[in-house]
Amino acid sequence: MKPSISIITPVYKAEEYLHNCVDSILSQTFTNFELILVDDGSPDNSGAICDEYAQKDPRVKVIHKKNGGVSSARQCGIDNATGEYTIHADPDDYIDPTMLQEMYDKAIAENADIVICDYHSHKKGRKRYITQAPESLETKELLKQYLRQELHGALWNKLIKRDLYTKHSIIFPTELTRWEDLFVVCSILYSSNAIVTYLAKAFYHYNQSINNNSLARKKDHKGLQSQILFVKHFQDTLPQEEYNEELYKIKAATKELAYNSKAMPPKEVLELYSEINEKYIIS
């Protein structure tokens, strides 16, 4: 029997906290899932830990690959997934026991292609409940909210039908080390007329403090170039007039990163998206 859900976890230098993540997944009240651990060429003991779990639980699949970055690891997971739905879980985070059951039940009850839920944020010893209630469940309006970054673009609080990836040729861009998940979410929403529903509960625990290897949190040249490529893609893809405000927002966020990270000389920061300079003031 094929699994109802494929959970994809990219693994890189995660030996200190991987057990907590995997244990929380294997403790789910919902049991018809596969967990795909993608060892992205991790130089520490992470790969061996993954193999230990696979030996103990047949629901765990391990893929060892040459290091290619988070996007290639996520894509590898999608390429090898067999579940009707997919969801991602990062190795430094963990989930509550009823997450899969409640999200799957919501999807079935509403014949949904995508289920969005709230999440918990953990940072510097402080836990916060983060609401992700959309203004609208219509795909194009949701897309606007994600581009304006009013909602978190992560894939770990979204149960998504796997065939949305295949039907619309959605792939993770390997050149992105930041916003790769936001890129996929926005691409799915723009390309499809997916039925989206929202579950006003938080199950996912997003840890923003413990993983020093997270590229998504590093404000460096690679991260800046990722955002510039993200902006270029959607500027070339989206109708300018319809998404003018949203394109401005992501340009402004990228310009601010360029300034704050000092990954670009001041003159180049000024020249970056110079068309928004009159409206934009760096705080």
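This note comments on the predicted model of one protein chain, point by point.

1. Basis of the note. The model is predicted, with local features requiring pLDDT of at least 70, side-chain atom pairs counting only at pLDDT 80 or more, and totals for chains, interfaces and linings using all residues. Residues are numbered from 1 along each chain as its sequence is written, and side-chain values use heavy atoms, with hydrogens and water left out.

2. Overall form. The protein chain has ten helices and nine strands; helices (H or I, at least four residues) and strands (E, at least two) are DSSP runs, numbered from the N terminus. Its radius of gyration is 19 Å, close to the 19 Å that the globule rule gives for 283 residues, so the chain is as compact as a globular protein of that length. This radius is taken over C-alpha atoms, and the rule is 2.2 Å times the number of residues to the power 0.38. Along the principal axes, the C-alpha atoms fill a box of roughly 60 × 45 × 35 Å.

3. Among contacts (heavy atoms within 4.5 Å) between residues at least 6 apart in sequence, 78% join residues at least 24 apart.

4. Helix α1. In this helix (residues 18–26), the buried residues are Leu18, Cys21, Val22, Ser24, Ile25 and Leu26. The buried residues of α1 pack against the strands β1 (5–11), β2 (33–40), β3 (60–65) and β5 (94–95), and also against α2 (46–56).

5. Aromatic pairs. Rings of Phe, Tyr and Trp (its six-membered ring) pair if their centres lie within 6.5 Å; planes under 30 degrees apart count as stacked, over 60 as edge-to-face and the rest as tilted. The count comes to twelve aromatic pairs. One of them, Phe30 with Tyr104, is tilted, at 5.0 Å centre to centre and 50 degrees between the planes. This pair links distant parts of the chain, 74 residues apart: Phe30 is in the loop between α1 and β2, and Tyr104 in helix α4 (residues 99–109). Both Phe30 and Tyr104 are buried.

6. Phe230 counts as buried because its relative accessibility is 0%, and Phe234 because its value is 1%.

7. An aromatic cluster. Tyr119, Trp156, Tyr204 and Tyr206 form one aromatic cluster.

Technical notes:
Buried < 20%, exposed > 50% of the residue type's maximum accessible area, 1.4 Å probe, protein only.
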